[in-house]
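Please look over the sequence and the model below before reading on.

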Amino acid sequence: MGVAVPADQALERHCRRLVRRQALKAAGVSVLPVPGADLFVNGQLLASTLGQISMAHGLGPDQVARLPAPLRNRVDDLAMEVGSYLIGRALTQGVLISALRGLGVRLGVQQAAKFAPVAGQVASAALSGWMFKRLFDRHLAHCQQVRAALPELPAPPPLPALPHTLAAH
């Protein structure tokens with residue numbers, strides 16, 4: 001029998017596991033020696049994971065759109081105050097590029113590293129995994145800040161189960 005974990009701790013643990021898993025996937029895809037091949041896959045992975053984090057916190061675009069107008073405006077104001085391009089918005093390519101630019105990440109460096117034999121592929125994978133983890137951690141912190149500042153937000157939806165793997169620990 002397990003000890004009950006507060007909902008906010010369970011949410012953070014769930015999101016951190018998701019972040020680790022997706023960052024490892026991004027790094028794995030980036031090992032592919034074909035420049036540009038990983039951009040599409042990692043772009044989809046990035047958008048999907050950021051969306052899952054937002055939705056887990058009750059801050060996905062559909063969830064925010066259903067809020068009463070005054071609360072929706074407060075969510076938007078707080079999201080801008082914490083510096084988030086991603087809370088409550090559909091994740092388009094332009095939005096994702098803006099978020100990456102906000103981190104100072106240059107995708108060209110990651111892609112150029114692929115031209116070097118094995119060491120370049122390893123560097124590309126490491127950079128990709130780091131970039132994803134940093135962006136996910138930042139987005140997770142922003143979602144937590146907005147939720148903490150607005151206790152009147154509806155409770156987030158129940159957490160989906162993550163498949164159990166060795167990478168989850």
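The account moves from the overall architecture to particular residues and then to a pocket.

The model is predicted: local features need pLDDT of at least 70, side-chain atom pairs count only at pLDDT 80 or more, and totals for chains, interfaces and linings use all residues. Residues are numbered from 1 along each chain as its sequence is written, and side-chain values use heavy atoms, with hydrogens and water left out.

The secondary structure of the protein consists of 7 helices and 0 strands. Here helices (H or I, at least four residues) and strands (E, at least two) are DSSP runs, numbered from the N terminus. Read from that end, the elements follow the order α-α-α-α-α-α-α. The protein has 169 residues, of which 39% count as buried. A residue is called buried under 20% relative accessible area, exposed over 50%, and partly exposed in between, with a 1.4 Å probe and protein chains only. The accessible surface amounts to about 9,200 Å², and 65% of this surface belongs to carbon and sulfur atoms. Such areas come from the Shrake-Rupley method with a 1.4 Å probe; for residues, only the protein chains shown count as cover.

A contact means heavy atoms within 4.5 Å. Among contacts between residues at least 6 apart in sequence, 77% join residues at least 24 apart.

Is T49 buried or exposed? With a relative accessible area of 0%, T49 is buried. Which residues does T49 contact, leaving aside its neighbours within four places in sequence? They are L18, Q22 and F136. The side chain of T49 also has a polar atom that lies 2.8 Å from the backbone oxygen of L45.

One of the contacts of T49 is Q22, a residue of helix 1. Q22 counts as buried because its relative accessible area is 6%. Not counting residues up to four places away in sequence, Q22 touches L45, T49, F132 and F136. Between the C-alpha atoms of Q22 and N42, which are 20 residues apart in sequence, the distance is 9.4 Å.

Further pairs span longer stretches of the chain. H14 lies in helix 1 and counts as buried, at 9% relative accessibility. H14 and P160 are 146 residues apart along the chain, yet their C-alpha atoms are separated by 8.8 Å. In helix 7, S128 is buried, with a relative accessible area of 1%. The C-alpha atom of S128 is 9.7 Å from that of D38, 90 residues away along the chain. V122 also belongs to helix 7, but V122 is exposed, its relative accessible area being 52%. V122 and L32 are 90 residues apart along the chain, with 9.8 Å between their C-alpha atoms.

How many disulfides does a search of the whole structure find? The search finds 0 disulfides, a disulfide being a pair of cysteine sulfur atoms within 2.5 Å. C15 is in no disulfide, and the nearest cysteine sulfur, that of C143, is 7.7 Å away.

Rolling a probe the size of a water molecule over the atoms shows where empty space is left. On a 1 Å grid over the protein atoms alone, a pocket is an open set of points where a 1.4 Å probe fits, with protein on both sides within 12 Å along at least five of seven lines; lining residues have an atom within 4 Å of a point. The second largest pocket has a volume of about 260 Å³. Of the 15 residues lining the second largest pocket, A7, D8, L11, R147 and P156 are the closest to its centre. The elements giving two or more residues to this lining are helix 1 (7-30) and helix 7 (118-149). The largest share, 6 residues, comes from helix 1. Grid points are joined across faces, edges and corners, and a volume is the space filled by probe spheres set on the points.

Methods
A polar contact is a pair of N or O atoms within 3.5 Å; within protein, one must be able to donate a hydrogen and the other to accept it, and residues adjacent in sequence count only if both atoms are side-chain atoms.
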